[in-house]
Structures are given as C-alpha cells and as structure tokens.
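Try each task before you read its solution.

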Amino acid sequence: MTRALRIASALLAACSLFASSALARPPGGDFNGDGKRDLAIGVPGESVSGVGGAGAVCVIYGSASGLAASGNALISTADLGYPLEESARFGTAVAVGDFDGDGFDDAAVGAPHRSVGAIDGAGEVYVVFGSINGLDATRSQRWNQDSPKI
C-alpha cells in the first residue's frame, strides 16, 4: 500500500468516525441545510465525458416525502476544477460530516487510483462543502501526499 493510499484511507476513516460520532449529524447528511436527509452515492466506475472509470458521486436531495427525483447532481473531479483521469475511481469511498462547522454537511470523497505528480495511483481525497444550494463544486479541497503537512 503506497503512503498516499494509507493517508487517504486514514483521512476517510477519520471522516467516517467523525460522521458517526455523537457530535455529528446522523448518517446520510443534510448538504443544503433544509432539515431533510440527503444521500451521496459513490459511482467509482462511472465514465465521465468519455473517460472510463473516472468516477463520480451522485447526490440525491431529500424532500418532505423522502428522497427527491428532481434537483439531483452528479459530481466528478472535472466539476471540482481538476482534470478527469482514467481509472481514478472518484467516489470509491464517501464520508459525510460538517467538516468546516458552518451547519451544512460536507462530503469527503476518495479517488484511490488518482495519480499525484509522477506517482500513478497514489490516491486523493476531496472534500466538497455543503451550502444552501447543496454540495458546492466551487468550494472544495483536495488532499494527497503532496498536501502541506501531510
């Protein structure tokens, strides 16, 4: 297991522990703060814009009657401002918690086969922050073995 993959695994494990702790909201999340439970589903084998296995996360927002059929989103690394990469498998792991303390749940998404610099398959974790409009692809962080203090 590469150092980056160990780091990504540790970050996702920490996110999962935080998300399931008494301090966090129940699993499922509320990405848009409307009081309804939302769902983020990893689709790591998804082809995006012809790039096989780039991966994505499907976000289904809740409503008064349960999960809604409209207003949902499919988020890939391209939506976060990063190039798509074949077989990166973005969405392999998804953890939910309010990581920035703003009252909106956020999603941490693993891409274990993403290349970092010259290292193929080193892996990365992306945090997509929640907002009044749900998960906001313009507000995200990317973490990998080259991130400061990692």
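**Exercise 1.** Find out whether S76 is buried or exposed, and list what surrounds this residue.

*Solution.* Step one: S76 has a relative accessible area of 3%. Buried means under 20% relative accessible area, exposed over 50% and partly exposed in between, with a 1.4 Å probe and protein chains only, so S76 is buried. Step three: take contact as heavy atoms within 4.5 Å. Leaving aside neighbours within four places in sequence, S76 is in contact with V48, G55, L84 and F90.

Before going on, keep in mind that this is a predicted model, where local features need pLDDT of at least 70, side-chain atom pairs count only at pLDDT 80 or more, and totals for chains, interfaces and linings use all residues. Residues are numbered from 1 along each chain as its sequence is written, and side-chain values use heavy atoms, with hydrogens and water left out.

**Exercise 2.** Locate S147 and identify the backbone atom that lies 2.9 Å from a polar atom of its side chain.

*Solution.* Start in the segment after β9 (140-143), where S147 lies. With 9% relative accessibility, S147 counts as buried. Next, look at the side chain: one of its polar atoms lies 2.9 Å from the backbone nitrogen of N144.

**Exercise 3.** Work out the strand order of the open sheet formed by 3 strands, and say which strands stand at its edges.

*Solution.* First, count two strands as paired if DSSP finds at least two bridges between them. The order is then β1-β2-β5, with antiparallel pairing. Second, β1 (39-43) and β5 each have a single partner strand, so one side of each is left without a neighbour in the sheet. Third, zoom in on β1 and β2, which pair over 5 bridges; V43 has A56 in β2 as its bridge partner.

Conventions:
Helices (H or I, at least four residues) and strands (E, at least two) are DSSP runs, numbered from the N terminus. A polar contact is a pair of N or O atoms within 3.5 Å; within protein, one must be able to donate a hydrogen and the other to accept it, and residues adjacent in sequence count only if both atoms are side-chain atoms.
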